[in-house]
Amino acid sequence: MSEAQPETPDWLANWQKQPPPPKAQKTRGVGNPSWRPGMPSPNPAGRPKGIVDRRMQVAQRLFEDAEGIVDAMVAKALEGDTGAAGLILSRVLPSLRAQSEKVQFEFDASAPISRQAEMILEAIASGALAPDVGKQILEAVNSLATIRAVEDIEARIVILEQKQM
C-alpha cells in the first residue's frame, strides 16, 4: 500500500520556488553605490587639482582663527570657567607623573625567589616600603623568575639534545 500524497490547496497550485537573490558585493559605504571592485573607475582623471578636502578646510579655518579662539578661551578661564582653564593648562603644562622615592630595605638578590618575595612583603608590612612600590618590585622579581625558568628549560633541552646525539 502506498502512502497518499497530501492534497495541494488551490492557492498553492502554481507556486514555484524563487531562486535566492544574488549576493551583493560589499561596498565601502561612501561614494558611488553602484561602483563595484573590478569596475573601471568612474573618474579616471582623478580628483581635480586644487580641491581641498573638508578636513583641511576646517584645519585652515581653525589656524586662521586660532588667536581669537585662544583669546576667548583665556577670557573664559579668567571669568572662572574651570573647563576652559583645565583645557588651557592641559595644553601648556606637561602632565605630572607619580615619581617614587628611592627605597632601602633588607633585600638579598641572591636568595631564592620565594625568599625575595617574602623580604619584599616584610618590608611592606613594616612600612619600609610603600605597597605600590612593593608591587612593582614583586612584578620585577616575578619577571626575573620567569626569565630564569626559561633559561633553565633551554639548558635542559640542550643537555637532552646532546645526549641523543
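1. Start at a polar contact. A polar atom of the glutamine 116 side chain lies 2.7 Å from the backbone oxygen of alanine 109. Note that this is a predicted model.

2. Where does glutamine 116 lie? It belongs to helix α4. Is glutamine 116 buried or exposed? Its relative accessible area is 1%. Buried means under 20%, so glutamine 116 is buried.

3. Next, the nonpolar core. The largest one has five residues: Ile120, Ala123, Leu129, Val133 and Val141.

4. Neighbours within four places in sequence are set aside here. Isoleucine 120 is then in contact with Leu129 and Val141, as well as Gly134, Ile137 and Leu138. Phe105 and Phe107 are also among its contacts.

5. Those phenylalanines bring up the aromatic rings. How many aromatic pairs does the structure hold? It holds one. The ring centres of phenylalanine 105 and phenylalanine 107 are 5.8 Å apart, with the planes at 65 degrees. Planes over 60 degrees apart count as edge-to-face, so this pair is edge-to-face.

6. Finally, the exposure of the two phenylalanines. Phenylalanine 105 has 22% relative accessibility and counts as partly exposed. Phenylalanine 107 is partly exposed too, with a relative accessible area of 34%.

Key. Residues are numbered from 1 along each chain as its sequence is written. This is a predicted model: local features need pLDDT of at least 70, side-chain atom pairs count only at pLDDT 80 or more; totals for chains, interfaces and linings use all residues. Side-chain values use heavy atoms; hydrogens and water are left out. A nonpolar core is a set of buried Ala, Val, Leu, Ile, Met, Phe, Trp, Tyr and Cys residues joined through side-chain atoms within 4.5 Å. Buried means under 20% relative accessible area, exposed over 50%, partly exposed in between (1.4 Å probe, protein chains only). Contact means heavy atoms within 4.5 Å. Helices (H or I, at least four residues) and strands (E, at least two) are DSSP runs, numbered from the N terminus. A polar contact is a pair of N or O atoms within 3.5 Å; within protein, one must be able to donate a hydrogen and the other to accept it, and residues adjacent in sequence count only if both atoms are side-chain atoms. Rings of Phe, Tyr and Trp (its six-membered ring) pair if their centres lie within 6.5 Å; planes under 30 degrees apart count as stacked, over 60 as edge-to-face and the rest as tilted.
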